[in-house]
Amino acid sequence: MARLGALLLPALLLSGCFGDQSVLPPQPADGELAPRLSTFQRASDREHLRLLAAFGGEYRAPNARAQLNDVVARLVKAGEGQIGSYEITILNSPAVNAFALPNGRLYVTRGLLALANDTSEIASVLAHEIAHVTAHHAVERAEAEAESALVTQVVTQVLNDPAAGASVQAGSKISLARFSRQQELIADQISVRNIARAGYDPYGAGRFLAALGRNTSFRNSGQGQSGSEKRLDILSSHPSTPERVAAVTASARQIGAPGLGERDAARWLAAIDGIAYGDDPSDGVVRGRRYLNSTLRITFAAPDGFDLEAARDMVIGVSGNGAQALRFDSVTLKPGQTLESYVASGWIDGVETGPVEKLDVDGQAAVLASGKGTDWTFRLAAIQAGNRVYRFILAARGSSDPERPMRAVLSSFRVLAAAEAQATKPLQLRIVSASEGDTPATLAARMATQDRAFDLFLLLNGLDRNSKLTPGQRYKIVAE
């Protein structure tokens, strides 16, 4: 319970780099490399399917995809034959991340697309990942490992439940493989040179790295982010942001003074106008303390003071002081099994359950029981809706009592009408023009999210707290 929702997942094999022999370690002869790359090709095909499953599948965004393809085409042309062919997949995840497989498959999350502000910034991301591929960084790392990094194994359970651990993996809780610090810095240097050769502003790399740093600070300082979610960004496995910003800025200065190269903000903003922002309602979304799932057609609210995090098949919540934790998921009863017998049979190893109380929750049959573990006290609830059973576990440690919070959760649970479920749409990133008199505060007031809307507006648009808006210039907001 102390590590509710935490997973240790050995890594996806991510690879890398733009082949500049002046900064790369000696490369093996072609005859030595081919068999290994054939092995990695087969492994990459498996990892592609795992990535799609773990990060919400492929997100269809034709305009953004076309722009990404154009950027890669320019990078390949600038590579003077040293860069091969690449295929881009946009992943349906709000996490901010990008990575590549050894066979040239590039991945960017829609969360990352929302953070970039111009073509040079997104070019720096793609160039960095291409650099890892062409430098064979994953090959070098894998050879140093005793076991293949492609064997993914969940070694930490959620509430001692292996199935729940697997479901969190499917909900994007993946620790990506770490390249060495030196490999990351090499990839940064190569990417700066390559985007400059492709005609982009080489200073875009520094701007985007700074944005990543601000994004991490924003997420880590928020009340709505769990510990595991805070790790789900691109910086979690990279050198510190100030070090990388300083390095790429120094590399850009060697190329020329600021102001050279393309940084087409209008073109990039037009490409991402309308993409989904945040959680996908079909997997469940968190709106403040409320959880809604348009596929299951259910909703409930977490107790006061709880932060919620939605995964594909479950919801995890933790109280502000860490003394209480909530888990929600669903199961199917075995033939002939009743709610009472299911709860009494025990969900958690080592937890003894007490008497079972029958309830009516929003017109649905439900039961509630108490449980006791070594360090935790539990309230276990199950609600039957059709052939599905929704279950809640609320755990408390120390003198904290889970009774009242569990009652509050159950009283908030209800089944959504079909029209209401259909109306639960993902938030969208919209591009709007500033008018005379507009300020960051006035545009932030138009944001659909109320969770630190002003700070989020500044983050998305690369602005600081003293920034003034330019009338007629276009900015990002989050809208219904």
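This is a predicted model: local features need pLDDT of at least 70, side-chain atom pairs count only at pLDDT 80 or more; totals for chains, interfaces and linings use all residues.

Reader: OK. Which residues does asparagine 117 touch, leaving out those up to four places away in sequence?
Author: Asparagine 117 touches Ala265, Trp268, Leu269, Leu460, Asn461, Gly462 and Lys476.

Reader: Where does asparagine 117 lie?
Author: In the loop between α3 (110-115) and α4.

Reader: Buried or exposed?
Author: Asparagine 117 has a relative accessible area of 14%. Buried means under 20%, so asparagine 117 is buried.

Reader: What joins the side chains of asparagine 117 and lysine 476?
Author: A polar contact of 3.0 Å.

Reader: Switching to helices. At what angle do α4 and α8 pack?
Author: About 85 degrees, with the axes 8 Å apart. The two helices are therefore roughly perpendicular.

Reader: Which residues make that contact?
Author: Ser120, Glu121, Ser124 and Val125 from α4. From α8, Gly204, Ala205, Arg207 and Phe208. By class, that is three nonpolar, three polar and two charged residues.

Reader: Now the core. Which residues touch the most other members of the largest nonpolar core?
Author: Leu68, Leu113, Leu126, Met447 and Phe457, out of 66 residues. Helix α4 gives the most to this core, with seven residues.

Reader: What is leucine 113 in contact with, neighbours within four places aside?
Author: Ala64, Leu68, Ile90, Val108, Ile122, Trp268, Ile272 and Ile275.

Methods: Residues are numbered from 1 along each chain as its sequence is written. Side-chain values use heavy atoms; hydrogens and water are left out. A nonpolar core is a set of buried Ala, Val, Leu, Ile, Met, Phe, Trp, Tyr and Cys residues joined through side-chain atoms within 4.5 Å. Buried means under 20% relative accessible area, exposed over 50%, partly exposed in between (1.4 Å probe, protein chains only). Helices (H or I, at least four residues) and strands (E, at least two) are DSSP runs, numbered from the N terminus. Contact means heavy atoms within 4.5 Å. Axes are lines fitted to C-alpha atoms, for helices over the stretch in contact, and angles run from 0 to 180 degrees between N-to-C directions. Angles under 35 degrees count as roughly parallel, over 145 as roughly antiparallel, 65 to 115 as roughly perpendicular and the rest as oblique. Ala, Val, Leu, Ile, Met, Phe, Trp, Tyr, Cys and Pro count as nonpolar, Asp, Glu, Lys and Arg as charged, and the others, Gly among them, as polar. A polar contact is a pair of N or O atoms within 3.5 Å; within protein, one must be able to donate a hydrogen and the other to accept it, and residues adjacent in sequence count only if both atoms are side-chain atoms.
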